Amino acid sequence: MSIDVSPLARALEATPTPNLLVVTGAGISLASGIPTFRGPDPGAVWSESVMTLGTRAFFERDPVESWRWYTSRFGKLHDKLPNPGHRALVELEGWYRERGGPFLLVTQNIDGLHRRAGSQELVEVHGTADRVRCAREGCSFGAPDGSLPREAVDFASFVADPSPDTLPTCPGCGDLVRAHVLWFDETYDGHRDFGYDRVMEAAESFDLILFVGTSFSVGVTELLLHQALLRECPMFVIDPGEGPDLSRYTHYRSWPNVHEVKRFPPPRLTHLPAASEVVLPELCRALGVPARA
Ligand SMILES: [Zn+2]
């Protein structure tokens, strides 16, 4: 199926160069062999148990089971490679920044594939699977700004024999280490690495937003979608699914006069219903962005 990328290409070529915000979700990593949480793909792992297992409360209750689950998940991410969608975003970023365009990529993925592909202006807003941190806040290897590469901690004994005695510990203070990801019962501002300040700043300043492979089910996409509608910014969605459900964005309360209810302006949304590993390289070709060797 061929998708017409020209409306998006024209929007990116506009002068003055718009402040571009790209937001990616699990859909972009599907072609790298990483199943989504919520998507319709056969490997989607979303279930009620994710909401239980992916919490700080669960880790505090049962760190062995929490780490057993994470080591099995992270172990599967280790050998995954960036796909043409990740690589096209690197090319797009280089081209865009050369033209003087402000560019930021915010990903919900913890697989590290954008970083591995070479994206520079990148916020991994849900953390990353290749780092861990001390569970004790205030430790230099813990929140609010400390973390460690996963290799710096011994996981071998735990993987061989998961038990309270083999749980990986912090080299600084001996407390347990935890996954360096945002859990469902935590807030985005819990760790500096999650870059939430940059996201908030971008939310106020973007002129053009491109959503790639996201199911619009997490807080950050909701916030950005809301901003795009309110500020009448052009939005593009690359995803084989349905695209965002805008039906609940009919009215909003104005600020600071919250008693005044206003109607959202009509959305400026263009949906390109195809896989990102096809559309993004196609977009680069349409823009004449040179492919990296
Ligand atoms: Zn520590």
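Which hand does the crossing of α5 and α10 have, left-handed or right-handed?

Modeller: The crossing of α5 and α10 is left-handed. Residues from both helices make the contact. On the α5 side they are Pro84, Gly85, Ala88, Leu89, Glu91, Leu92 and Trp95. On the α10 side they are Ser276, Glu277, Leu280, Pro281, Leu283, Cys284 and Leu287. By class, the residues of this contact are ten nonpolar, two polar and two charged. Keep in mind that this is a predicted model.

Now the geometry. Helix α5 covers residues 84-98 and helix α10 covers residues 276-287. Their axes come within 7 Å of each other. They cross at roughly 30 degrees. Angles under 35 degrees count as roughly parallel, and α5 and α10 are therefore roughly parallel to each other.

Helix α10 has another partner, α1. Helix α1 is residues 6-13. The axes of α1 and α10 come within 10 Å and cross at roughly 55 degrees. That angle makes α1 oblique to α10. The crossing of α1 and α10 is right-handed, whereas that of α5 and α10 is left-handed. From α1, the contact takes in Ser6, Leu8, Ala9, Leu12 and Glu13. From α10, it takes in Leu283, Ala286 and Leu287.

Is Ser276 buried or exposed? The cut-off for buried is 20 or more other C-beta atoms within 10 Å. Ser276 has 27 within that distance, so it is buried. Its contacts, leaving aside neighbours within four places in sequence, are Gly27, Ile28, Gly85, Val212, Gly213 and Ile238. Ser205 lies 71 residues from Ser276 along the chain, and their C-alpha atoms are separated by 25 Å.

Pro16 sits in the loop between α1 and β1. The Thr15 to Pro16 peptide bond is cis, with omega near -10 degrees.

Leu20 stands opposite Phe103 in β2. Strand β2 also pairs with β3 (residues 122-124), in the parallel sense, over three bridges. There Leu105 stands opposite Leu122. Strand β2 itself, residues 103-107, has five of its five residues buried. Phe103, Leu105 and Thr107 point one way, and Leu104 and Val106 the other. Residues on both faces are buried.

There is also an open sheet with antiparallel pairing. Its three strands are in the order β5-β4-β6. Strands β5 (148-149) and β6 (177-181) stand at the edges with a single partner strand each, so one side of each has no neighbour in the sheet. Strand β4, residues 127-134, pairs with β5 over two bridges. Val132 is opposite Leu148 there. Four bridges join β4 to β6, where the bridge partner of Gly127 is Val181. Strand β4 is mostly covered, with seven of its eight residues buried.

Two backbone details remain. Most residues other than glycine have a negative phi, and most peptide bonds are trans. The bond from Ala143 to Pro144 is cis, with omega near 10 degrees. Pro144 lies in the loop between β4 and β5. Glu232 is not a glycine, yet has a positive phi of about 55 degrees. Its place is the loop between α9 (219-230) and β8 (235-238). Glu232 has 12 C-beta neighbours inside 10 Å and so counts as exposed. Ser276, by contrast, is buried.

Notes: Residues numbered from 1 in each chain as written. Predicted model: local features only at pLDDT ≥ 70, side-chain atom pairs only at ≥ 80, totals over all residues. Pairing = 2+ DSSP bridges. Axes fitted to C-alpha atoms, helices over the stretch in contact; angles between N-to-C directions. Parallel < 35°, antiparallel > 145°, perpendicular 65-115°, else oblique. Left-handed = near helix turned anticlockwise from the far one by under 90°. Contact = placed C-beta atoms within 7 Å. Nonpolar A, V, L, I, M, F, W, Y, C, P; charged D, E, K, R; others polar.
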